[in-house]
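Here is a short briefing on a protein chain. Please look over the sequence and the model before the notes that follow.

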Amino acid sequence: MIIKHEKCSFLFVIVSAFVVGACYNYNEMENVAVHSVETKKALSEQKPIDDWYICGSFSPRQDSILADSMAKDIYAFAEMSNPDNLNPYWYNGLYHPQYNLLDLREVYHLQPNQTQLHGKITYLACDIQSDMDRDLYLNVKSSMRYDQRLGEKPLHRIDIQGLNFYPIHLNKGYNRYFVKAVTETEDYSFETTVLDSNAVASIYTNGQSNNIVFPEISESNKLATLTNAHQNLMNVPVKMQFYDVKGAKVYETILQKDSFTYKIPTLQAGKSYMCSMSITGQRVRQPIVCGSFDAAYEKFVRLRSEVSNQHSRANEIDQILYRLKFLLHHETRKTDWWWQFKIAPLTYQLEVIFANLKGEHGKDNGEFNIQFITYTSQLDGGMQRYLLATPNEIRKGKKYPLVVIVRPHVDNHYHFFTSPQFTHQWAINIIQSLANSHDFIVMLPEARMYHNEDLTPFAEAEMKLAIEDVKKHYKIDEERMYLHGICSGGYRALRMATENPGMFAALGLYTPIYHEKLLSSRAKAHSIENLLPNLAGTPIMIHADPFDKHTPYKVYADLISDCKKYGIPLTYSVKRNTELLYNAVVAGSEAFDFFDGKVKSGVKASAVLPDTNLVVADLYSKPFVYVYNSHDHSAYYRSWLRTIQNDYEEYMNTPLPLVAEDEVDDEMLKTKNVFLIGTEFENPLLAGLVNSARSEAPDLIERTRNSISIHRNVLTQQLYVICSSTSQDPSYFKYPWIDGMEKEFKSDLPLNQQ
């Protein structure tokens, strides 16, 4: 039915039926269009329903009188006047959301936190046009209570948890979609998308990443219990398979409509396996354990005791055991439903390692999408870490795009494998699903970012080393490397990109901080504002919630202006209520959609290279060795030495690269920066180096309270010697790896002129 009325001025709207990034049956959705009540034109490609005819708001009493006639005859909308002149919240007409999500607060001119509509009813309507009879689906996202009809028939939700899918049958021509929404929660938004069956399967399987069955399976009955009614999604076979850590299939079954438990007789007690589920060709994976988590940990501790500390995978094992032990004793074990899904990926990763002790990640068969990776840093020989997400299948010879997620600031210091970025397992699952659906490799590096520091040269150097470590194990397409960051992580991402122009093909940022309080002239010269021209030709996307209280528009408004000023390709997108998600995760789908298909532009900007003094932290982008006087056994000196060791290990979560003066040789002095703990040494090489540095090389900085002086290494002008001593309590000693960014070298000459 086509509705016309002289009092109505209808607008045209096109809504696509597809979801970007998945493989779909286009014939199912060809020439399906969604319109506001009075429109009819051909459909373009993909878009949720975001144009509506809206009428309301009504009180429950008013609705009881009007509801039947409103539902049956859309003419009632156009004829309707505000039934209560004292009701200030009234709208009757076509509406297009300003911020890509229909929120009734916007319709009725309420502030984001106002709740005056509680208990009120609003009607929504649009027409869905089809050129033939067909069966499709609606995906609805809303916390409001709502009733839906397509024509005269009410819609019924598919019986699964978490996602609201509604099967619909479209007749050839126009199909009236009608919604009655009741505002009973804090969320006044309503979002609907028309989907075909493959799109439904893709969205669903991505949403079930690492969440197919409950992961701790009893070794006595070997029953796997589904976490959701996967078989109810649609009337197609749903296959579930189990694989050992070598990648060999050990069992396969088809899910039955009325069954939630399945006996898997081939599972062996005490071992981890990979569970895989496929729906219409869309696949999702999850590790499981046959036995208890605690018994699995004890098994791996026992196996670790049989491995030499010098083994190439010993540190890797130790770090995963560290996280596993932390989680097994964490208080959320009793309160967090998602806790169990954090454990199985770790036990599975350990199972894979012990089955391939001569191997390495990236080469082990049967690896999971999510891994906790360690590597030895060239900067100090200590352990560094990153979270790695890969697609379900890594194809030999294929080069993969790499997305580098930059960590946001945190208020407290954490070991990386216990950091807040890993608090929400469902958020880690999002990273896993994004890696798989986009066929990207994704990493979140530790990169020596422990507090609220700027991106120090130390952190920048470590991030590059982490990226290089990924390249050692996987084929990375260097023309398609991307940076992604949220809030202060966006600031750090911008700093990384501006310091390394041409390294990344695109940046995807959620409400990035643009201005920071900078204390040193070096930091000011290296600010994003000064170096932003380096990103000429590099596409940037900024995604935001227009009402984000944590990071409002004013925080990044100047970045938008400066991108225009310097001709930087900028995409700015907004959507209401995304603050609710992005304050709990470190990765978002909008950025990954933006990255798809982007390669380095080839535009070479005139790199802005600040000619400014260095700071202490600059030294830490090069390898360091810390030397102590092995002949000084005084209580004071040994106490000071232990203080430095403990501080470095506590802050860096890795041992101090400490050597005795007797171990120092000429090669070490020529290839390493040297931090001397004390100033008196019997080793003639060190004594000569200190004397030469003080007499021949200028003292670049002297901090009287801590008695630190920095000199050029006379053996090579590219390296430095730090002489440290203190006549006060060692607790007063402030170490360069913590506050070095605030301390400038005492020289007015550029580095290349000193």
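**Overview**

Of the chain's 754 residues, 56% count as buried (under 20% relative accessible area; exposed is over 50%, partly exposed in between, with a 1.4 Å probe and protein chains only). The model is predicted, so local features need pLDDT of at least 70 and side-chain atom pairs count only at pLDDT 80 or more, while totals for chains, interfaces and linings use all residues. Residues are numbered from 1 along each chain as its sequence is written, and side-chain values use heavy atoms, with hydrogens and water left out.

**Confidence**

- The chain has a mean pLDDT of 86, and 86% of its residues reach 70 or more (pLDDT is the predictor's confidence in each residue, from 0 to 100).
- Over residues 36-46 pLDDT stays under 50, and the model gives this stretch 53 contacts beyond four places in sequence (contact means heavy atoms within 4.5 Å).
- Residues 747-754 also have pLDDT below 50, with twelve contacts in the model beyond near neighbours in sequence.

**Fold and sheet**

- The secondary structure comes to 20 helices and 32 strands (DSSP runs numbered from the N terminus: helices are H or I with at least four residues, strands are E with at least two).
- Among contacts with a separation of 6 or more, 75% join residues 24 or more positions apart.
- An open sheet is formed by four strands in the order 4-11-6-9, with antiparallel pairing (two strands pair if DSSP finds at least two bridges between them).
- Strand 4 (102-103) and strand 9 (164-170) are at the edges with a single partner strand each, so one side of each has no neighbour in the sheet.
- Five bridges join strand 6 (residues 134-141) and strand 11 (residues 189-195) in the antiparallel sense.
- Leu138 stands opposite Val194 in strand 11.

**Aromatic pairs**

- The model has 35 aromatic pairs (rings of Phe, Tyr and Trp, the last by its six-membered ring, with centres within 6.5 Å; planes under 30 degrees apart are stacked, over 60 edge-to-face, the rest tilted).
- Phe293 and Trp339 have ring centres 5.8 Å apart and planes at 65 degrees, so this pair is edge-to-face.
- Phe293 lies in helix 6 (residues 293-305) and Trp339 in helix 8 (residues 339-355), so the pair ties together parts 46 residues apart in sequence.
- Both Phe293 and Trp339 are buried.
- Tyr637 and Trp640 have ring centres 6.1 Å apart and planes at 80 degrees, so they too are edge-to-face.
- Helix 17 (residues 635-652) holds both Tyr637 and Trp640, three residues apart, about one turn of the helix.
- Tyr637 is buried at 6% relative accessibility, and Trp640 is buried at 3%.
- One aromatic cluster is made up of Trp52, Tyr146, Tyr166, Tyr177 and Phe190.

**Charges over rings**

- Arg105 has its charged end over the ring of Tyr188, 4.0 Å from the ring centre (the rule takes NZ of Lys or CZ of Arg within 6 Å of the ring centre and within 35 degrees of the ring normal).
- Lys598 lies over the face of Phe594, 4.0 Å from the ring centre.

**Cysteines**

- The count of disulfides is zero (a disulfide is a pair of cysteine sulfur atoms within 2.5 Å).
- Cys55 is buried at 0% relative accessibility.
- Cys290 is buried at 0% as well.

**Single residues**

- Pro83 is in the loop between helix 3 (75-79) and strand 3 (91-95).
- Pro83 is partly exposed, at 38% relative accessible area.
- Beyond four places in sequence, Pro83 is in contact with Phe58, Gln62 and Trp90.
- Lys299 is placed in helix 6 and is buried at 15% relative accessibility.
- Not counting residues up to four places away in sequence, Lys299 touches Gly270, Lys271 and Glu351.
- His361 is in the loop between helix 8 and strand 19 (370-376), and is buried at 4% relative accessible area.
- Leaving aside neighbours within four places in sequence, the contacts of His361 include Arg313, Glu316, Asp469 and His473.
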